[in-house]
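Student: Please take one part of this model and go through it closely. Then place it in the rest of the structure.

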Amino acid sequence: MKIEIKNLKKKFNENFVLKDISLTIEKNKSTIILGQSGCGKSVLIKIIYQLYGFDSGSILYNEKTEVDIEKFSMLFQYGALFDSLKISENIAFTDFINNKTDFEKKVLSLMSDVGLDKSNFDKYPSEISGGMKKRVALARALYKNPKVIFLDEPTTGLDPINSDKINELILQVITNRKITAVTITHDIKSAIKTGDNYYFIDKGIIQDKGDCKKILKTKNKVFKSFIKGADIKQ
Amino acid sequence: MKFIENIGEIPIKLFSSLGKFFLFIAFFFKYLLKPKFYLKNNLSYFINIFISSIPIIGLTGIFSGMVLALQSYTGFSRFSAESAIPNIVVLTLTRELGPVLTGLMISARVGSSIAAEIATMRVTEQIDALKTLNTNYYNYLVTPRVISLTLALPIFVTLVDFIGVMGGYLVSVHRLGFNDNLYLLNTINFLSLGDYLSGIIKAVTFGFIISIVSCYCGLFSDKGAFGVGSATTNAVVISSILILSSNYFLTELFF
C-alpha cells in the first residue's frame, strides 16, 4: 500500500508538534522516520494509523482518503502487551477474546518465525525479558497478516546484541512477507540495516530525506549533527 | 489581564471536563445498546471484584452494626426506649449506612484499582494497542467493569445489611443484655421490603457511579506515574463526593 502525506499539521493545546509534514511511503518498501525523542515521530505514525486526528493536510492511502485499518498493524515502543493474558493469548488477542480456540497452531508458527521458544506459550509478559517482549509484540502485529506494519522504536531499551537480533528479525519478516514497513527510530544503525528510504524530522518539519544506504553521506547540517550525536538545538 | 484570564480558565476547564464526562457516559450507553460482550472477560471481572471485596465488606458490616447498637443504646436509654434499638439498627443499616459505607469502601478498594489499571494501560499504550487490534475499549474495558460493579454492589449491600444486623445482635445480646429471640423478632417484624429496596436502589446507583467515574479517570489520565496517581485519587474523591451527594437526593426520593 502506498501512503502519501501532504502538508500535515498537528497541534496539542496550542503547540504544533507537526508543522508541515509531506512524505511518501512506498508500497512494499521499508521507510524509516528518524528524529530526536519528542519530535513527533510517534504522533505521526499514530495519525497515519488513524489513532489520532490531525488539524490540516491530507493522507492518501492508495490514492484514497478512506482505508480499512484492518490492513495495518503496529509494534509499540514497549510492546504494549496485556499483562493479565498469557503470551499465546496476547499474540492471538482478537481470536482469544472472541472465544475462538483454534489459534494454537498459528501462534506456535508465529512464535517460531520470531524466534520464540514454544515453552513461552503459557507464560505471562512479566515472566519474559524485554527482548522477548518485543518478539511477542512483533508476533502479535503479524498475527492478522497486515499489508502495512508500523514499528515504533523497535530496538528501544535493548542491548546492542538484542537490538541487532531484532533488526535482523524485522528485515527478515518484511522481506519474506513482502509488507510495507514504517519504522520510527533514532538509531542510525537500525535505519541503515532495515530501511530503504528515510525521512528526518526536526522541529515539526522534514529536514532531510533520501536513501538509507546513503544516510552517512548526507549534506544536511542538522541531520549530520544528529548522526554525530550532537545537540541539534545548538 | 493574566489574572482575569486565569479566573476565566477555571470554569472553562470545569465545563469542558463535565461535557467530556457526559459524552463518555453517552458513548457507554451507545455501546451498551449494541453490545459485543466478551463473556469470559465479564465473568472473570465479576468474580475478581467479588472475591477481593468480601473481607472488607464483612468488616464494614460487623463493626457498623456493633457501633450502631452501642451508640443507639447511649441515646435511647436516656428516655427508656432501649427496645427501639433493633429497629434503629436494621433501619439505619438497610436504608442508609449499608449502601453509603459499602459505596465508600468499594470506591476506595475497587474504584481506585480500576482507575490505576486503566491509567497504566493508557500510559503503556495498551489502550492504543486495543484500537489497533480492532477492539473497542468501551466493550472490552468499560462495559465489564460498569456492569460487574453495578450488579455486585446490591449483593455487597445485602451482605453488609445482614452482617451489620448480626453485629448489632451480638452487642445487644452479649453486651447490653437483650433477649436474643426478642431482638431478632423485632428486627424482622420492623423491616419492610420498601426499606430494603430503597437501599438496593442506592447500591445500584453507587455501583454505576463508582465504575463509570473510575473508568473515565483512568482512560483520560495524564501520562506518567503522576498521571496514574492523579487518576486514582480523582476516581476515589469524585466517586465519594457523588455518592454522598446523590445519597441525599435518593433519600429525598424515598422519604
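Tutor: Just after α4(A), A:Gly115 takes a positive phi of about 80°.

Helix α4 of chain A covers residues 104-113. Which of its residues are buried? They are A:Val107, A:Leu110 and A:Met111. Viewed down the axis of α4(A), the buried residues lie within an arc of 105°, so they line one face of the helix. The general rule behind such a face is simple. An α-helix has 3.6 residues a turn, so residues three or four places apart point the same way.

The other side of α4(A) carries exposed residues: A:Lys105, A:Ser109 and A:Ser112. What covers the buried residues? The cover includes two helices of chain A, α2 (87-91) and α5 (130-142).

How far can these coordinates be trusted? Chain A has a mean pLDDT of 89. In this chain, 98% of the residues reach 70 or more. One of the helices covering α4(A) is α2(A). Among the elements of chain A, α2(A) has the highest mean pLDDT, 94. The lowest, 85, belongs to helix α6 of chain A, residues 160-177. One stretch needs care. Over residues 230-234 of chain A, pLDDT is below 50. Beyond near neighbours in sequence, that stretch has six contacts in the model. Where pLDDT is low, the predicted coordinates should not be read in detail.

Back to positive phi. A:Gly115 is a glycine with a positive phi. Residues other than glycine take positive values too. One of them is A:Asn28, with phi near 60°. A:Asn28 sits in the loop between β2 and β3 (30-35) of chain A. A:Asn28 is partly exposed, because 16 other C-beta atoms lie within 10 Å. Another is A:Gln50, with phi near 70°. A:Gln50 lies in the loop that links α1 (41-48) to β4 (56-61) in chain A. A:Gln50 is also partly exposed, with 16 other C-beta atoms within 10 Å.

A hairpin gives a further case. Strands β1 (residues 3-12) and β2 (residues 15-25) of chain A run antiparallel, joined by seven bridges. Within this pairing, A:Lys10 stands opposite A:Leu18 of β2(A). Two residues lie between the strands of the hairpin, and A:Asn13 has a positive phi near 55°.

Now to the partner chain. Chain B has eight helices and zero strands. Its C-alpha atoms fill a box of roughly 65 × 55 × 30 Å along the principal axes. Of the 255 residues in chain B, 40% are buried. Take the contacts in chain B between residues at least 6 apart in sequence: 87% of them join residues at least 24 apart.

How do the two chains meet? Chain B puts 15 residues in contact with 15 residues of chain A. On the side of chain B that touches chain A, α2 (39-76) and α4 (126-132) of chain B each supply at least two residues. The largest share, five residues, comes from α4(B). By type, this side of chain B divides into five nonpolar, six polar and four charged residues.

Terms used. Residues numbered from 1 in each chain as written. Chains lettered and ligands numbered in written order. Predicted model: local features only at pLDDT ≥ 70, side-chain atom pairs only at ≥ 80, totals over all residues. Pairing = 2+ DSSP bridges. Helix = DSSP H or I, 4+ residues; strand = E, 2+ residues; numbered from the N terminus. Buried ≥ 20, exposed ≤ 12 C-beta atoms within 10 Å, placed from the backbone. Contact = placed C-beta atoms within 7 Å. Nonpolar A, V, L, I, M, F, W, Y, C, P; charged D, E, K, R; others polar. Arc of directions from axis to C-beta. pLDDT = per-residue confidence, 0-100.
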